[in-house]
Amino acid sequence: SIIMSTTTATASTHLTLSTCNLNQWSLDFTGNTARILQSCRIARSRNSTYRLGPELEICGYGCEDHFLENDTLAHCWDCLATMLESGATDGMVCDFGMPVLHGGVRYNCRVICHDRKVLLVRPKTAMADNGNYREGRYFTPYHPPSSGEVEVHVLPPQFQKKFGQSSAPFGLHSITTRDGVTFGCESCEELWTPRSTHIELALRGVDIIGNGSGSHHELRKLSARMDLILNATKKCGGVYLYSNQRGCDGGRTYYDGCAMIVVNGRIVAQGPQFDVEEVCVVTATVDLEEVRSYRAANPAFGMQAVTVAGGEGGGMRALFCEGVCLMNEENAIRPRVPEKDLELKVYTPEEECCLGPACWLWDWLRRSGAAGFFLPLSGGADSSSVAAIVAVMCILVTKAARENPTGDVAAECRRICRKDEGNALWVPSTPQEMANCILHTTFMGTDNSSEVTLSRARRLSEAIGSYHLSIKIDLMVNAVLEVFRLTTGHMPRFVSRGGTMTEDLALQNIQARLRMVTSYLFAQLLPWVRGRTGFLLVLGSANVDEGLRGYMTKYDCSSADLNPIGAISKGDLKRMLLFLSKEYPGFEVLGEIASAPPTAELRPIDAATATAEAGHSQTDEEDMGMTYEELGAFGRLRKIARCGPVSMFKKLVITWNHLSPSEVAAKVKRFFYYYSVNRHKMTTITPAYHAEAYSPDDNRFDLRQFLYNTKWSLQFSAIDEIVARYPDEDVHDKDKND
């Protein structure tokens, strides 16, 4: 008789993999290392044999020009050595992100380690250089040598001394383990390129692809990112792990996590997009038999795979590592494969508007050393949105602190609320209790303010729980005007009282600017008044549309330390307020605020034209000469569609078919005039949470001049020529277009 071997058929094809969201902080090498080590410990406790981390996780993604310093690179190697010494990679493959200097060129790299050895240094091939990204300023995209040979990277001397290793392979290679598993990398931007790396890796038989990313939040962006990840393995098969930073690492952006594991286009594990915890590890046990069967059943995959088999593939090789084994040892654990696929969790824009900025503010609050926030609360939609976002932050932190009173979030909450002495386990009983400790709101009224907004500000502060004051600043306004009168012999008047527009604007602006000065005075002294220590961060509340139009006073309450809504449109903010008014009991006043016409309340009230809803005769849209909806359209076309005046008119004359061409032309011209004449205001704009793709932030995102020829002579003449081709006052027939 013949005895057949069943070793291959009975061998395990299961392996347990982990990826993570880490709240890293640029240049916080000690803290970053601790968070990485914590993620490795959690992964190991779950029997993982592979752990993936975010892009540039050791130093932090947002180091910017600090990447040009050799100290940054040297400290990364020091931290890597510390992690190897601590046993982070003992029995587990770890894919770390850090910058590396190779051959005199700086690369954004993945460094793959196992059992205290560096298996591969894998450089990034495509730089992210759009929007907020400037990778090409710091790093060079890697191109493999034409010879196809494996490059060698010389490791720092301490690796020879501590680990007996002086060099490691460098290049776009994959790694094949002793048990026949092949894994490789692609890094963030490579997923978004037309010729994505994962396609070549899959055709070369790579089972597992890890993508360590540094992708920041932007409204409505997650779906596009997730579509790419799901399609990466739906088309080619395979296991795809995605890791991302989550949190504010020192700038305007918030990295929104959402680490996940996908198998053959199916989500088997997903981490949260927004959270206040610093470390989140996502783990799944997968069956590689599913991957191999999926690919083998696709004839098209096989036909393309054979064309790359055996070739160098632009410098790609499979490096065999005898000492690495990823499969779960037989009988060592009983794998728990997910019974069903997970549904992708995608928040609505209204939820994103409050959750993202809330988590961003929490990172700023705890890392800045501040004792809380100060917010000028006018009772309007913008400042109320900021207050609501802080309230959501208190809800998230209170929930996390109460669930784990001995955890890091609870400890940070005690420190910020100044409750870390006496009661080692104090946590807020309600979000309102926390808000009363950290949020200070003040209604700064004048004779031009209405009782309606005063009431709304008071009721909102009561719902949130903030420490609230209502003050009148007329004394200061009158004092400044009296100084002007004594100096010049003139006293300005509002237009409604016989003055000129120049006088009117000056009178409005002095009110707004004195509110900014008062805000910083109160932010500095209110902790002292309450018998506490520390300082308050002043929060601004100008939305993205007002910044785009320049509808704000330079150095008024839009000038602050932070602005959580500076890149969010008025329309999205109103929808967020309506959502919160229904989501949280007691927040019904937010619905009333969202429904009220926006008003600056800087001119005297005209009782004949004041409405009950606004409480005032002055409204923003009338002052601006355009609606917030129109501003949003202008913003998207200017930035996202890259339109100048002429191309913007050509698009809007078709889509705004309820207006005549001359009316559309007038609106476009009006927008570009005010945009250009007020662009200088963007150079001093408060650092704002990046949320919208058409943000006019001049400092990082929207790089343009701020001294314009505001006549736009050639551009406006071209628009006039196009308008002249239409019949007089031609209004398009909407039914025909339908």
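**Entry 1: helix α17**

I began with the length of helix α17, which covers residues 501–529. At 1.5 Å a residue, its 29 residues should span 42 Å. I looked up the end C-alpha atoms and found them 41 Å apart, which agrees. I note here that this is a predicted model.

Next I asked where α17 bends. The bend is at A523, by about 30°. A proline, P527, follows within four residues. Just after α17, I stopped at G531. G531 has a positive phi of about 75°.

**Entry 2: α12 against α13**

I turned to helix α12 (residues 381–403) and helix α13 (residues 408–416). Their axes come within 7 Å and cross at roughly 120°. Angles of 65 to 115 degrees count as roughly perpendicular and those over 145 as roughly antiparallel, so α12 is oblique to α13. The crossing of α12 past α13 is left-handed.

Which residues meet here? From α12 I listed V397, A400 and A401. From α13 I listed V409, A410 and C413. I sorted the residues of this contact by class: six are nonpolar, none polar and none charged.

An α-helix has 3.6 residues a turn, so residues three or four places apart point the same way.

**Entry 3: α12 against α19**

I stayed with α12 and looked at its packing with helix α19 (residues 570–583). The angle is about 50°, and the axes are 10 Å apart. That makes α12 oblique to α19. I noted a left-handed crossing for α12 and α19.

On the α12 side I found A381, D382, S384, S385, A388, I389 and V392. They meet K570, L573, M576, L577 and L580 of α19. How do the residues of this contact divide by class? I have eight nonpolar, two polar and two charged.

**Entry 4: α23 against α24**

My last pair was helix α23 (residues 645–655) and helix α24 (residues 661–677). They pack at an angle of about 140°, with axes 10 Å apart. Only angles over 145 count as roughly antiparallel, and α23 and α24 are therefore oblique to each other. Is their crossing left-handed or right-handed? The crossing of α23 and α24 is right-handed.

I wrote down the contact residues too. α23 brings P645, M648, F649, L652 and V653. α24 brings P661, V664, A665, V668, F671 and F672. By class, the contact of α23 with α24 holds eleven nonpolar residues, no polar ones and no charged ones.

Terms used: Residues are numbered from 1 along each chain as its sequence is written. This is a predicted model: local features need pLDDT of at least 70, side-chain atom pairs count only at pLDDT 80 or more; totals for chains, interfaces and linings use all residues. Side-chain values use heavy atoms; hydrogens and water are left out. Helices (H or I, at least four residues) and strands (E, at least two) are DSSP runs, numbered from the N terminus. The expected span of a helix is 1.5 Å times one less than its number of residues. The bend at a residue is the angle between axes fitted to the seven residues ending there and the seven starting there. Axes are lines fitted to C-alpha atoms, for helices over the stretch in contact, and angles run from 0 to 180 degrees between N-to-C directions. Angles under 35 degrees count as roughly parallel, over 145 as roughly antiparallel, 65 to 115 as roughly perpendicular and the rest as oblique. A crossing is left-handed if the near helix is turned anticlockwise from the far one by less than a right angle, and right-handed if clockwise. Contact means heavy atoms within 4.5 Å. Ala, Val, Leu, Ile, Met, Phe, Trp, Tyr, Cys and Pro count as nonpolar, Asp, Glu, Lys and Arg as charged, and the others, Gly among them, as polar.
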